[in-house]
Amino acid sequence: MDEDDGDKTTHEPLTVHMGDLRPTRCARCGVDGQLLAATIYGLAGSGSRVIGGMAICQGCGWSPYTAMTLP
């Protein structure tokens, strides 16, 4: 007889995909279109989910993901 340990976790392969880069205004240097931002997705057989994001300014190198508050 099989015992059920109560763990219903399933695992499936995940592919990481970065969405299109969106140019926007940098909050640090104020230059419009210099901050490139993208959403990061996890794609699996059960569908896609947002798993993160990235952004970095081409002008000053600032990223909102490395700073907890605006400069």
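Biologist: Which residue of β4 does I40 stand opposite?

Modeller: Strands are DSSP runs of type E with at least two residues, helices are runs of H or I with at least four residues, and both are numbered from the N terminus. Two strands pair if DSSP finds at least two bridges between them. In this structure, I40 stands opposite G52 in β4. A further bridge places A37 with its partner A55 in β4.

Biologist: On what kind of model does this reading rest?

Modeller: The model is predicted, and local features need pLDDT of at least 70, side-chain atom pairs count only at pLDDT 80 or more, and totals for chains, interfaces and linings use all residues. Residues are numbered from 1 along each chain as its sequence is written, and side-chain values use heavy atoms, with hydrogens and water left out.

Biologist: In which sense do β3 and β4 pair, and over how many bridges?

Modeller: Strand β3 covers residues 35-44 and strand β4 covers residues 47-57; they pair in the antiparallel sense, over 10 bridges. A hairpin of two residues joins β3 to β4.

Biologist: Which other pairings involve β3?

Modeller: β1 pairs with β3 in the antiparallel sense over four bridges, and V16 has G42 in β3 as its bridge partner. Strand β2, residues 22-24, also runs antiparallel to β3, joined by three bridges. There, T24 has L35 of β3 as its bridge partner.

Biologist: How many helices and strands does the chain have?

Modeller: The chain has zero helices and four strands. Read from the N terminus, its elements run β-β-β-β.

Biologist: How should I read burial, and what share of the chain is buried?

Modeller: Accessible areas come from the Shrake-Rupley method with a 1.4 Å probe, and for residues only the protein chains shown count as cover. A residue is buried under 20% relative accessible area, exposed over 50%, and partly exposed in between. Here 17% of the 71 residues count as buried. The chain exposes about 5600 Å², of which carbon and sulfur atoms supply 52%.

Biologist: Which residues make the nonpolar surface patch?

Modeller: Patches are made of residues with over 30% relative accessible area and no salt bridge; like charges are joined within 9 Å, and nonpolar side chains (Val, Leu, Ile, Met, Phe, Trp, Tyr) within 5 Å. A salt bridge is a side-chain nitrogen of Lys or Arg within 4 Å of a carboxyl oxygen of Asp or Glu. In this chain, L14, V16 and I51 make a nonpolar patch of about 300 Å². L14 lies in the segment before β1, which spans 15-18, and L14 counts as exposed because its relative accessibility is 53%.

Biologist: What does M54 touch, and where is M54 found?

Modeller: Contact means heavy atoms within 4.5 Å. M54 is found in strand β4 and counts as partly exposed, at 26% relative accessibility. Leaving aside residues up to four places away in sequence, M54 touches M18, L21, L36, A37, A38, I40 and Y65. M54 and L36 are 18 residues apart along the chain, with their C-alpha atoms separated by 8.2 Å. For the chain, residues 24 or more positions apart account for 32% of the contacts with a separation of 6 or more.

Biologist: What does R49 touch, and is R49 buried or exposed?

Modeller: R49, also found in strand β4, counts as exposed because its relative accessibility is 56%. R49 touches I40, Y41 and G42, not counting residues up to four places away in sequence. From R49 to V16 the C-alpha distance is 9.9 Å, across 33 residues in sequence.

Notes: Buried < 20%, exposed > 50% of the residue type's maximum accessible area, 1.4 Å probe, protein only.
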